[in-house]
Amino acid sequence: MNGKPRLLFVDDEPEILELLTYTFRDFDTDTALNTDAALEILREKHFDVLVTDIKMPGTPGFTLIDSARKLSPGIVVIVITGHHQEVPEEARQKVSQWILKPFSLQVIRGAVLRSLEKTTES
Amino acid sequence: MSEEKVCFDRARFEAVLDVIESMAVGDLERQIPLTNERDELDALAHGVNVLSSELLYRLRELQTAQSTVIQSGKLAALGEVSSGLAHELNNPLTIVCGYLEHIHAAIKTASVSPIDFAEIESHFQKVERNLNRMNVIIRHIMEFARESKPSKEPTMLHEVIQRSFALISEQLRLKKIQVETYVCPALIAEINASKMEQVFINLLSNARDAIVEAHGDKGGKIRVVARTVSNSELEIEISDNGIGMTEETRSKIFNPFFTTKEVGRGTGLGLSISHGIVQDHGGSITCVSERAKGTAFHIRLPRYSSPETASV
C-alpha cells in the first residue's frame, strides 16, 4: 500500500459523513451522499475501504457494494445501518463488517484498522 | 492558554459519557449526578438527564399503549411510527455519541497535546444540535401517543395534515415520493386531531406502498387537496399514482383484516379503523381506483361553523 489508506464513506446523512471524516482525519478520505455520487468517485480513484449505509434515497447500497468490488478489486466493505435486520445471505460474502447505528467510534475505527491489516497481510 | 481554562473534570465528563453510552444500548434508567458548578458540563448533564427521562417515560407510554392497542385497533399506525422512531433516532444518537467520544479523547490526551477549545466548542454545538433534533422527534411521538380525548375540537385541518406528513416524511423521501398539498389554511373542522392524524398516516402509508409496488425506487407522487364542497361539508382528497386496485379489491378494502400485502406487512386493519374514525366524525370515506393508474380517497367531514357565524 502506498501512502495513507484511502477510505470512502457513503451515507445520506451529511453529519454522519462529517463525523466519520473527522474520526479518520489521519487517513485519505472521500464522502458521498448516495450510490450514484459514490460510483462517480470510485470510477476516478482507488479505495481500500468502503464504509456505506444500505438504505439511501435512489440506488440501494447493495448495488453500490457490487459495483465497488468491480471498480476497486480488493476493496473492503463495511456496512453501517440503522435498520436492525438479519444480514442477508448474499451480503455475508461481500461485507467484511456489519455495524449497527448507533455505533461507537472505537468500533468503527477497530473494524477499519483490522480490515486494513488483513489486506496488507494477504 | 492558561491552566485554569483547562477546566474539564475528567471524572464528571466520564460519568456523562458513561450514561450516554448506556442510553445507546437501551438503558434509560440512569441519571447523571449534578454538581454545584453550574457550568457547561452540568448543563449538558442536565440536558441528557431530561432527555433520558423523557425517552424512558415515552417508551413506557408506548409499551403500555402497545398492549392496549390491539383491542383499539391502533396497531397498524403504531407499527409505522415505532420503526420510523427507531430509525430517526439512530442517526442523531450516533452523532452525539461520536462527538462525545472525540471530546473525551481530547481530554485524555490533554497532557501531551493541548486542548483545541474552538474544536471542542464546535463538537459541543453538534452534540447540542442533535440532542435538540432527538427532542423534536420525541415531541412528535408524544403528540401522537397522547391518549386522545373522545371529544372533538375545532382544529386547523392543515396543521393535522402537516403533522401526519412529518411522521412519515423520511420514508417518503427515501422512496423518492413527491408530495403536493393544496390545503386551504383557513379550513377548520370539528375533529379529534389525533384520530384524524391516524387516518391520514394510514392513507399516506398505503399510498407510499402502492407507489413502491408500481414504480420501485423510481418514486411517484402523492397529492393532498382539502377544500370546501358545500356550506356544511369539506373534503380531503388523498391520491397517488401507484399500482391501483382491481374493482374486486376496491370493494373489500374497508373490511377488517382484508389485506393485499404479504404476510407480516399489513394487518388489514388500517382502512377499517380509518373508516370507523371518519364515521365517528359524522363523515364518509370513499375510494376510486384504477389498476396501474392510481388511487384516490375522498374523506368528507362536517364543516365547523363558529357559534357567531352560525347565528348570523
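Predicted model: local features only at pLDDT ≥ 70, side-chain atom pairs only at ≥ 80, totals over all residues.
## Salt bridges between the chains

A salt bridge is counted here where a side-chain nitrogen of Lys or Arg lies within 4 Å of a carboxyl oxygen of Asp or Glu. Between chain A and chain B the count is four salt bridges, and the rule for polar contacts finds twelve residue pairs across the interface, both residues of each pair being at pLDDT 80 or more.

On the side of chain A that touches chain B, helix 1 (14-23) and helix 5 (105-121) of chain A each supply at least two residues. The largest share of that side, six residues, comes from helix 1 of chain A. Sorted by class, the side of chain A that touches chain B has nine nonpolar, seven polar and seven charged residues.

## Extent of the interface

The size of an interface is often given as the accessible area that is lost when the parts come together. For chain A and chain B the buried area is about 2,000 Å², and carbon and sulfur atoms give 52% of that area. In chain A, the residues that lose the most area to chain B are E15(A), Y22(A) and P102(A), which together make up 30% of what that side buries. Counted by residues, the contact takes 23 from chain A and 22 from chain B.

## The fold of chain A

The secondary structure of chain A comes to five helices and five strands, which follow the pattern β-α-β-α-β-α-β-α-β-α when read along the sequence. Of the 122 residues of chain A, 51% count as buried. Among the contacts in chain A with a separation of 6 or more, 55% are accounted for by residues 24 or more positions apart.

One of the buried residues is S115(A), which is found in helix 5 of chain A and counts as buried because its relative accessible area is 6%, under the 20% cut-off. Leaving aside neighbours within four places in sequence, S115(A) is in contact with V49(A), V76(A), I78(A) and S96(A).

## Nonpolar cores

Which residues have the most contacts inside the largest nonpolar core? They are I108(A) and L100(B), in a core of 53 residues. The largest share of this core, nine residues, comes from helix 3 (residues 75-108) of chain B. When residues up to four places away in sequence are not counted, I108(A) touches L20(A), F24(A), V51(A), I80(A), I99(A) and F103(A). A second, separate core has 39 residues, including A193(B), V199(B), F200(B) and F297(B).

## Salt bridges within chain A

Over all chains the structure holds 29 salt bridges. In one of them the side chains of D26(A) and R109(A) meet, with a distance of 2.9 Å from N to O. This pair links distant parts of the chain, 83 residues apart, since D26(A) is in the loop between helix 1 and strand 2 (28-32) of chain A and R109(A) is in helix 5 of chain A. D26(A) counts as partly exposed because its relative accessibility is 42%, and R109(A) is likewise partly exposed, with a relative accessible area of 24%.

K101(A) forms a salt bridge with D53(A), and the closest N and O atoms of this pair are 3.6 Å apart. Here too distant parts of the chain are linked, 48 residues apart: K101(A) is in the loop between strand 5 (97-100) and helix 5 of chain A, and D53(A) is in the loop between strand 3 (49-52) and helix 3 (61-71) of chain A. Both K101(A) and D53(A) are buried.

In chain B, R300(B) forms a salt bridge with E235(B), the closest N and O atoms being 3.1 Å apart. The two residues are 65 residues apart, with R300(B) in strand 7 (residues 294-302) and E235(B) in strand 5 (residues 233-240) of chain B, and the pair thus links distant parts of the chain.

How values were computed
Residues numbered from 1 in each chain as written. Chains lettered and ligands numbered in written order. Heavy atoms only, no water. Core = buried A, V, L, I, M, F, W, Y, C linked by side-chain atoms within 4.5 Å. Buried < 20%, exposed > 50% of the residue type's maximum accessible area, 1.4 Å probe, protein only. Helix = DSSP H or I, 4+ residues; strand = E, 2+ residues; numbered from the N terminus. Contact = heavy atoms within 4.5 Å. Buried area = accessible area lost by both parts, 1.4 Å probe. Polar contact = N/O pair within 3.5 Å; in protein donor to acceptor, adjacent residues only side chain to side chain. Nonpolar A, V, L, I, M, F, W, Y, C, P; charged D, E, K, R; others polar.
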